[in-house]
Amino acid sequence: GKSFISRKLQGFLKWQGKKCETFNAGKYRRESEGAVESGRAEFFDSSNPHALALRKQAATMALNDLLEFLDGGGEVAIFDATNSTHDRRQMILDEANKRPMKYHVIFVEVLCD
């Protein structure tokens, strides 16, 4: 779902000549925690505070790299992550608004049946 659409959108934007990159929070999570451990169901259990902190850390690292890309001249950055809660979306907006450059943030919701 999300990652497939992110890759397709990135490919189209690059074809249009835009400086575009995708930042996948899951990739950061797997690199910091390991693919096997971070892929287990209990890792995504909302009552697991340790895993919740690791997931948030991975998303924050991806978002920081995304903003650095934009600050460095990137034109479009795709944050490929689960950003479904109000708190997560507000954190993204807050971090973008801290930057000296003005960025437009668009949230794209993907629903898969």
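1. Contact here means heavy atoms within 4.5 Å. With that in hand, and bearing in mind that this is a predicted model, take Leu-66: setting aside its neighbours within four places in sequence, Leu-66 touches Phe-23, Ala-77, Ile-78 and Phe-79.

2. Leu-66 also turns up in the largest nonpolar core, a set of 16 residues. Along with Ala-62, Leu-63, Leu-67 and Phe-79, Leu-66 is listed there among the residues with the most contacts inside the core. Helices H2 (25–33), H4 and H5 supply at least two core residues each, and H4 gives the largest share, seven residues.

3. On to the packing of H4 (residues 49–71) against H5 (residues 86–97): their axes come within 11 Å and cross at roughly 35 degrees, and the crossing is right-handed. H4 brings Arg-55, Lys-56, Ala-59, Thr-60, Leu-63, Asn-64 and Leu-67 to the contact, while H5 brings Arg-88, Met-91, Ile-92, Glu-95 and Ala-96. By type, that makes six nonpolar, two polar and four charged residues.

4. Now the rings: there are two aromatic pairs. Phe-12 and Trp-15 make a tilted one, 5.9 Å centre to centre with 40 degrees between the planes. Both sit in helix H1 (residues 2–15), three residues apart, or about one turn of the helix. Phe-12 is partly exposed at 44% relative accessible area, and Trp-15 is exposed at 65%.

5. The rings of Phe-23 and Phe-69 have centres 5.8 Å apart and planes at 50 degrees, so this pair is tilted. Phe-23 belongs to strand E1 (residues 20–24) and Phe-69 to helix H4, so the pair ties together parts 46 residues apart in sequence. Phe-23 counts as buried because its relative accessibility is 10%, with the cut-off at under 20%.

Conventions. Residues are numbered from 1 along each chain as its sequence is written. This is a predicted model: local features need pLDDT of at least 70, side-chain atom pairs count only at pLDDT 80 or more; totals for chains, interfaces and linings use all residues. Side-chain values use heavy atoms; hydrogens and water are left out. Axes are lines fitted to C-alpha atoms, for helices over the stretch in contact, and angles run from 0 to 180 degrees between N-to-C directions. Helices (H or I, at least four residues) and strands (E, at least two) are DSSP runs, numbered from the N terminus. A crossing is left-handed if the near helix is turned anticlockwise from the far one by less than a right angle, and right-handed if clockwise. Ala, Val, Leu, Ile, Met, Phe, Trp, Tyr, Cys and Pro count as nonpolar, Asp, Glu, Lys and Arg as charged, and the others, Gly among them, as polar. A nonpolar core is a set of buried Ala, Val, Leu, Ile, Met, Phe, Trp, Tyr and Cys residues joined through side-chain atoms within 4.5 Å. Buried means under 20% relative accessible area, exposed over 50%, partly exposed in between (1.4 Å probe, protein chains only). Rings of Phe, Tyr and Trp (its six-membered ring) pair if their centres lie within 6.5 Å; planes under 30 degrees apart count as stacked, over 60 as edge-to-face and the rest as tilted.
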